[in-house]
Amino acid sequence: MNRGLFLSELLGAIADRGRQAIGLPRPAGPISPEAMRRLCASLLSGKGEASGVARAREILERWEGLDAGARLAFLHMLRDSFGVDHARLAVAVEAYRAQPGESAALALHAAAEPARQELLRRLNLAPGGMATLVRMREELLGHLADEPDLGVVDTDFRHLLSSWFNRGFLVLRRIDWSTPASILEKIIRYEAVHAINGWDDLRRRLEPRDRLCYAFFHPRLEDEPLIFVEIALTRAMPATIGELLADGRPLLDPREATTAVFYSISNCQEGLRGISFGNFLIKQVVEDLRRDLPGLADFVTLSPLPGFARWLAGQQGDPAADEALRLIAGDSWQEDETTRRQATRLLPPLAARYLVEARTASGAVIDPVARFHLGNGARLERINALGDLSPRALRQAHGLMVNYRYLLDDIEKNHELFAAGNAVAAAPAVTRLARASRAAPARSA
């Protein structure tokens with residue numbers, strides 16, 4: 001039996017017995033914010049395990065039935081009614097000042113923890129509790145831009161979810177054409193980089209022996225993938241997504257492959273945004289591939305540049321940027337052969353500058369995909385003009401794609417340099433391109 005399903009059924013049985021023990025009726029009809037607050041307070045004050053699971057289940061079932069306004073009110077209640085007990089914290093601070101020591105430090109740590117952290121822990125005991133809490137955080141994330149003071153609630157969610165989704169709890173599974181259809185449907189739906197256009201397209205990515213897919217799962221989320229990576233086995237580093245996804249392409253015996261290409265990495269659960277799995281996923285998959293296919297010598301990506309077009313639009317007044325922007329001003333510039341050749345000359349140096357030099361206000365590398373791979377220890381290897389001419393890639397990156405290379409002997413060094421000072425490990429050809437984008441005089445388009 002599936003362990004996650006067994007645990008869910010066990011918790012469900014405990015919750016049902018707990019309901020009977022405390023006389024808790026099943027949810028019916030709308031519930032007021034004050035009634036929800038009292039339910040949460042009773043969950044925190046309760047001692048019995050069965051009754052606690054029953055109350056947690058009651059709260060989460062009630063939450064599932066709330067409309068958007070009531071769910072926002074619930075988040076406000078978590079913020080306002082289940083924060084830090086400041087009076088208790090002040091006493092703990094004074095006790096520590098009077099007599100510093102391990103015992104006083106532990107008491108201070110306990111007093112500084114918001115009550116909602118323990119509330120979320122207890123809610124997680126309900127059947128399906130973890131899945132509901134992930135959806136609850138997704139709801140929360142949708143309000144943060146307009147209500148930044150809800151950030152204190154998100155801090156508690158992130159703290160707990162980072163522990164619950166620790167790498168030690170995650171299970172790596174191979175996704176192939178024999179995987180249950182319920183999971184394959186989710187792979188189609190969650191693909192975030194290169195849309196999967198139905199079952200035939202999915203089959204082309206999963207069934208051939210030179211195409212692989214791996215995903216992380218959590219035992220408490222049963223058959224919900226958390227993140228997955230699609231891989232092409234090739235003999236060389238690719239420059240375009242078309243050569244990897246083309247229908248009718250030549251098939252390669254995996255034993256003859258020399259290169260593993262990570263061409264799509266998709267996070268599946270919006271409620272787990274900011275909880276990092278990708279670095280663990282790539283490292284685990286590389287280990288498995290090296291074990292199963294010892295002929296593989298190169299591990300690279302074919303990656304998008306999701307912020308390049310926006311950055312380039314902000315460079316008006318720079319001669320090289322102005323020339324490129326004039327060239328690609330039309331909606332169908334990529335259909336003209338002369339314009340394509342000029343774009344191949346003009347865009348890669350600007351993209352190199354964007355990836356190597358552009359920074360956020362806090363000093364971080366500006367491109368999110370670059371931050372991910374460089375943070376994992378990869379090297380910025382090559383910039384490919386006309387790598388992806390899909391409408392989305394043209395809109396976000398004017399068709400460019402990037403290869404990041406995982407040189408196994410350099411991964412740790414690259415990671416440490418990036419972590420210490422945002423140092424971008426780049427191939428010499430890319431650094432030359434970045435310099436050229438500043439040095440080259442503008443030419444007429």
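**Entry 1: charges and overall form**

I counted the charged side chains and found 56 positive and 56 negative, with the centres of the two sets 2 Å apart. For this count Lys and Arg are positive and Asp and Glu negative, while His and the chain ends are left out; each charge is placed at NZ of Lys, CZ of Arg, CG of Asp or CD of Glu.

I note that the model is predicted, so local features need pLDDT of at least 70 and side-chain atom pairs count only at pLDDT 80 or more, whereas totals for chains, interfaces and linings use all residues. Residues are numbered from 1 along each chain as its sequence is written, and side-chain values use heavy atoms, with hydrogens and water left out.

I looked up the secondary structure and found 20 helices and seven strands (DSSP runs numbered from the N terminus: H or I of at least four residues for helices, E of at least two for strands). The C-alpha atoms fill a box of roughly 75 × 55 × 45 Å along the principal axes.

I then took the surface: the accessible area is about 21400 Å², and 53% of it belongs to carbon and sulfur atoms (Shrake-Rupley method, 1.4 Å probe; for residues, only the protein chains shown count as cover). Of the 445 residues, 47% are buried (under 20% relative accessible area; exposed is over 50%, and partly exposed is in between; 1.4 Å probe, protein chains only).

Among contacts between residues at least 6 apart in sequence, 73% join residues at least 24 apart (contact: heavy atoms within 4.5 Å).

**Entry 2: aromatic rings**

Tryptophan 177 and tryptophan 199 form an edge-to-face pair, at 6.3 Å centre to centre and 75° between the planes. Tryptophan 177 lies in the loop between strand 1 (171-174) and helix 10 (181-190) and tryptophan 199 in helix 11 (residues 198-206), so the pair ties together parts 22 residues apart in sequence. Both are partly exposed: tryptophan 177 has a relative accessible area of 26% and tryptophan 199 one of 38%.

I also recorded one aromatic cluster formed by Phe308, Trp311 and Tyr354.

**Entry 3: arginines over rings**

I found arginine 173 over the face of phenylalanine 217, at 3.9 Å from the ring centre (NZ of Lys or CZ of Arg within 6 Å of the ring centre and within 35 degrees of the ring normal). Arginine 189 lies over the face of tyrosine 190, at 5.0 Å from the ring centre. Arginine 189 belongs to helix 10 and is exposed at 52% relative accessibility.

Histidine 218 is in the loop between strand 2 (211-217) and strand 3 (227-234) and is buried at 5%. With the neighbours up to four places away in sequence excluded, histidine 218 touches Met130, Trp164, Phe165, Phe169, Leu170 and Leu226.

**Entry 4: positive phi**

I noted that glutamate 222, not a glycine, has a positive phi of about 50°. Glutamate 222 sits in the loop between strand 2 and strand 3 and is partly exposed at 31%.

Histidine 398, likewise not a glycine, has a positive phi of about 55°. Histidine 398 occupies the loop between helix 18 (391-397) and strand 7 (401-405) and is buried, with a relative accessible area of 12%.

Note on methods: Rings of Phe, Tyr and Trp (its six-membered ring) pair if their centres lie within 6.5 Å; planes under 30 degrees apart count as stacked, over 60 as edge-to-face and the rest as tilted.
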